[in-house]
Every structure is written in structure tokens, then in C-alpha cells.
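Please go through this chain with me, one question at a time.

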Amino acid sequence: MDGAGKTMDDIVSQVNGVSDLIGEISSATTGQSRGITQVSQAGLVLPAMRASLMPTNLLRLQRGRLLCGNELSALNSRLGSS
């Protein structure tokens, strides 16, 4: 009977170990699922952010061109009047 009791204790211990591993796998799967959801949401948000920033960047580019054009005109005027 003593050997059977020890064997049963070993089986219970191993079942508990497997149960712990299943819990860890479940937790890791949940974390992975959350991460995938976050990446998916970012994939949806980034194009919208890019589209909303495009007019701002275009205005900056146009302003820069205007400033450069004005500076070139001023430089040409100075060179022409020398």
C-alpha cells in the first residue's frame, strides 16, 4: 500500500505541474492576443495620422519654398543693384 500511495502522490504532483504549465500557456496566449490587437489598432491609426499630418507638412513645404523664393529675389535684387 505504501508504494501505491507514493505513486499516487507522484501522479498528483505531475498533474499539478501540467496544470501550472497550462495556466502559464493560457496567460502567455492572452498577452500575445493583446499584443496582436494593439498592433492591429496601430495599423488602423497610423494611416489616419499620416493623412492628418499631410496638409500640415504640405503647408510647411510651401512656406519654405516661398521663403526661399523671397530670399532668392532679395539676393538677385542686391546683386543686380551692385
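Questions and answers on the fold, the dimensions and the surface follow.

The model is predicted: local features need pLDDT of at least 70, side-chain atom pairs count only at pLDDT 80 or more, and totals for chains, interfaces and linings use all residues. Residues are numbered from 1 along each chain as its sequence is written, and side-chain values use heavy atoms, without hydrogens and water.

Student: What is the radius of gyration of the protein chain?
Tutor: The radius is taken over C-alpha atoms, and the globule rule is 2.2 Å times the number of residues to the power 0.38. The C-alpha atoms fill a box of roughly 115 × 25 × 5 Å along the principal axes. A compact globule of 82 residues would come near 12 Å, but the protein chain has 34 Å.

Student: Is V39 buried or exposed?
Tutor: Buried means under 20% relative accessible area, exposed over 50%, and partly exposed in between (1.4 Å probe, protein chains only). Buried residues make up 0% of the 82 residues in the protein chain. V39 has 61% relative accessibility, so V39 counts as exposed.

Student: How far apart are the C-alpha atoms of V39 and D2?
Tutor: V39 belongs to helix α1, residues 2-81. V39 and D2 are 37 residues apart along the chain, and their C-alpha atoms are separated by 56 Å.

Methods:
Helix = DSSP H or I, 4+ residues; strand = E, 2+ residues; numbered from the N terminus.
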